[in-house]
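Dear colleague,

I am handing over the structure we spoke about, with the sequence alongside it.

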Amino acid sequence: VSGASGRVRGGTSTPHQRYARIGWIFTAPALLVVAGVTLFPIVYSAAMSFSHVTVTANGFRLSGATTGNYTTLLESGRWRHALLFTVLYTIGTVLVETVLGMLVALVLERLTAGRGWMMALLLLPWAMITVVSGELWAYIYNGVYGVFTALWHGVFGTTVNVLGTPLPAILAMSFADVWKTTPFVAVIVLAGLLMLPGDVVEAARIDGAGAWTVFWRVRLPLLGPTLTVAVLFRVLQAFGIFDLPFVLTGGGPGNATESLALLGWRAMFQDLRFGPGAAVATSTAVLVLIGCLVFLRAFRSQVGDDEVTV
Amino acid sequence: VTGATLSPPPRRPRHPLRRALHWTNLAALLVALFAAAPLYWMAVSSFKGPKEIGSPPTVVPRDSTTANYSDAFSHYHFGTYLANSAIVSVAATLVVLVLGTLAGYALGRLPVRGSGAIMTALLMISLFPAIALAAPLYLLMRDIGWLNSEQGLALAYAAFNLPFAIWILRNYFRSVPREMEEVAWVDGASPLRTVVSVILPQALPGLFTAGIFTFTACWTEFLMALTLNNADDYRTTAVGIALFGSQYTVPYGTIFAAATVAMLPVGLLVLAFRRTVVSGLTAGAVKG
């Protein structure tokens, strides 16, 4: 038996083919797991959003095609608000986090002592369970005994209930988000900064470029790919935001902080309106996909098109 | 991190105090305070009694108590939640590291046709919002009887985190000198043996980074855990903490005690591997 298989492997195929086959054997398990758990559900979700969904005793079943779920969506002020909120929230927080993250990374880069400890401290908010940070900020913002409320009273002499009014609630939630994820951006940018070729920067300095010019004309362009990936990851994470409004504001006051993910989840798992819920989920995924395609070039430059040969 | 050692231009020696008060150090101090203050507030509030936690804030607890901690474990089932999180996160991380190492090696080093396209597709899949998968996965897990189970959630987490891990490992494997594995091949070592005994030791920082990222993502995940494991016996830490208390009362003391405990494993991991995380990212975030 071993002789036969040995002859097939060793005799008729070149080493190149053999390594290619091994490559597929090594890749297949991971691809199967990813495809099974994500690809099938994505397709199913899309099908569900175009179907009449009937809730049954033990779940739901699909009966007949329709575009009604999307009509419901487009006519719903709540969905339009969730879309607007999610888009503005994403743009706002990612912008602030990127600029702040850059600044923090530049500071850390120049730090002569304790950089490792700073890094560890910065990774702690990132490693925190988002639900926990939601509870923590809800306590901080609490209108009666929150420390923010007390500080505000100390400075301005008035009482304030941040989470009770729409715009302040949105800003408060953004601040909690900035606190938690700026460190992540900073650490990635710092990693990128440390990788920059020192000789290029040095050459620019010798040519008489000031710190400002070196930063804008030399280092920032070199940092481009790293920054793009960090921003992309943040944009797509922020676009799917769920945990923070679920705990911090419950989507309120009213529906002021209800994100697309929260709306979709509530429609499906609280109101059992699976059709419209699937439409929310699928349209969110499509928007993400469009975002991905726009950034595909950035991905390409990161991944590299060169395929490996032996 | 080798690129870090940029030799500073020679400067006049300055007074130690002036050097300590240099603006970068002050800015770093501000950043540290900004990051640490809410964490301090969480930890300190976990030692406050129910009366003090519901009154105007005090910087240091008047009467420290550990009642919140015992409450979390006795009155609520926080021990069960911790155990569930640990089982699911460790299992998912192990699966990710084993499958991710094989796939990362193949995509980075072996002549797999279309490996660049596969990598791009994997990364794009990993960026899909979890909400798009929630209902179908719920259905799928229900049909195979894996709702409210450790293995169902672990499988989902493994799939979500594999792409990023493969990406990091692939970039790391590419930075390992090729001569070493060629020697192993010439010596007749099987591909699996080559990966385990020659490539893996060189790529250890990448492995740590992928492991820490996966573990942290699993430990903190909420949406899927809430959807798939809703029964009290199978709740993870995040879901358990979110569902402490009722609609009318929020037991903040207990929540912060539980949160402080939940912070420990990930916090210690980050502290222990702080340099590895960054050096692993350096290879992972930038084209290898």
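In this predicted model, Leu272(A) sits in the loop of chain A that runs between helix H12 (260-270) and helix H13 (274-294). The phi angle of Leu272(A) is positive, near 55°, even though the residue is not a glycine. Because its relative accessibility is 44%, which falls between the limits of 20% and 50%, Leu272(A) is classed as partly exposed.

Chain B has a residue to look at in the same way, Asn148(B), which lies in the loop between helix H7 (131-143) and helix H8 (150-174). Asn148(B), again not a glycine, has a positive phi of about 50°, and with a relative accessible area of 25% it also counts as partly exposed.

The other finding concerns the second largest pocket, which holds about 800 Å³ of space. Two or more lining residues come from each of strand E1 (51-56), strand E2 (59-65), helix H6 (130-141), helix H11 (243-248) and H12 in chain A, and from each of helix H12 (223-228) and helix H14 (252-272) in chain B. H12(A) gives the largest share of this lining, with five residues. The lining has 33 residues in total, and those nearest the centre of the pocket are Phe246(A), Arg266(A), Gln270(A), Ala242(B) and Leu243(B). Sorted by class, the lining of this pocket consists of 21 nonpolar, 10 polar and two charged residues.

With best wishes

Notes
Residues are numbered from 1 along each chain as its sequence is written. Chains are lettered from A and ligands numbered from 1 in the order in which they are written. This is a predicted model: local features need pLDDT of at least 70, side-chain atom pairs count only at pLDDT 80 or more; totals for chains, interfaces and linings use all residues. Side-chain values use heavy atoms; hydrogens and water are left out. Helices (H or I, at least four residues) and strands (E, at least two) are DSSP runs, numbered from the N terminus. Buried means under 20% relative accessible area, exposed over 50%, partly exposed in between (1.4 Å probe, protein chains only). On a 1 Å grid over the protein atoms alone, a cavity is a set of points where a 1.4 Å probe fits but cannot get out, and a pocket is an open set with protein on both sides within 12 Å along at least five of seven lines; lining residues have an atom within 4 Å of a point. Grid points are joined across faces, edges and corners, and a volume is the space filled by probe spheres set on the points. Ala, Val, Leu, Ile, Met, Phe, Trp, Tyr, Cys and Pro count as nonpolar, Asp, Glu, Lys and Arg as charged, and the others, Gly among them, as polar.
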